[in-house]
Amino acid sequence: AQSTPDGYFEIGSIVAGPVVVFGTDYSWGRILEQSWNVDLNEARGGQRMPYQVGLPRRSVEVAWTDGVDVTQIDGNDSDADYMLSTSTGGIEPVAYNRDVLYTVQGTLEMLGGPLRPVVYLPALGKGTPDSETLTGRASAVYGRITSPIRLESILGDEEASEVWRLARLTIEEEV
């Protein structure tokens, strides 16, 4: 819907793939970090010589520290809470509220950990149309999940009435 002086657009990266919806938001608070991609070489006399290796790298860290009750998933409860899609007429579930940590774990297995990149979207509005345009670097982080997935059982009986937490999920930007 707009023109450029050169008459065309250049795109650095296009990422096409599935959107994984988490049925439970991560805990309040997240960590946004920007680290400078600079090598700081120090001589014997203490003089330092900086060398910029590349662009700064951002990272995002989220966690589910409050605990997620997975009784509905692991137990015999057949009435699991789930979120419905608005784009399919509200018929198909898109995420279960209590299996978010299993979804994170399964997603990482599918990605091969940091082998394949992901895009972190801080938020999508409820009832978002099938296509939403995000502009600017602040809208998303294209990177790799670099933290291990460590699920911690903090309450309950094994595979029956457990409450789990995930202490850290870190995505580091590709520059």
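The model is predicted. Its mean pLDDT is 83, and 81% of the residues reach 70 or more. The chain holds 2 helices and 10 strands. Buried residues make up 21% of its 175 residues.

**Overall fold**

- Along the sequence, the elements follow the pattern β-β-β-β-α-β-β-α-β-β-β-β.
- Take the contacts with a separation of 6 or more: 64% of them join residues 24 or more positions apart.
- The accessible surface of the chain comes to about 12,500 Å². Carbon and sulfur atoms hold 50% of that surface.

**Confidence by element**

- Strand β3 (residues 48-52) has the highest mean pLDDT among the elements, at 95.
- Strand β5 (residues 82-84) has the lowest, at 66.

**Strand pairing around β10**

- Strand β10 spans residues 163-173 and runs antiparallel to β4 (residues 57-69). The two are joined by 7 bridges.
- In the pairing of β4 with β10, Trp 64 stands opposite Leu 166.
- Strand β9 (residues 151-155) is also antiparallel to β10, with 4 bridges between them.
- Leu 151 has Leu 166 of β10 as its bridge partner.

**Helix α2**

- Helix α2 covers residues 100-111, which is 12 residues.
- From first C-alpha to last, α2 reaches 16 Å, close to the 16 Å expected at 1.5 Å a residue.
- Its buried residues are Val 100, Leu 101, Val 104, Thr 107, Leu 108 and Leu 111.
- An α-helix has 3.6 residues a turn, so residues three or four places apart point the same way.
- On the other side of α2, Glu 109 and Met 110 are exposed.
- Gly 112 follows α2 and has a positive phi, near 75°.

- Gln 72 sits in helix α1 (residues 71-74).
- Gln 72 has a relative accessible area of 17%, so this residue counts as buried. The cut-off for buried is under 20%.
- Gln 72 and Ala 160 are 88 residues apart in sequence. Their C-alpha atoms are 8.8 Å apart in space.

**The loop between β9 and β10**

- Glu 159 is in the loop between β9 and β10.
- Phi of Glu 159 is positive, near 55°, and the residue is not glycine.
- Most residues other than glycine have a negative phi.
- Glu 159 counts as exposed because its relative accessibility is 66%. The cut-off for exposed is over 50%.

Technical notes:
Residues numbered from 1 in each chain as written. Predicted model: local features only at pLDDT ≥ 70, side-chain atom pairs only at ≥ 80, totals over all residues. Heavy atoms only, no water. Buried < 20%, exposed > 50% of the residue type's maximum accessible area, 1.4 Å probe, protein only. Contact = heavy atoms within 4.5 Å. Areas by Shrake-Rupley, 256 points an atom, 1.4 Å probe, with all protein chains shown as cover. Expected span 1.5 Å × (residues − 1). Pairing = 2+ DSSP bridges. pLDDT = per-residue confidence, 0-100.
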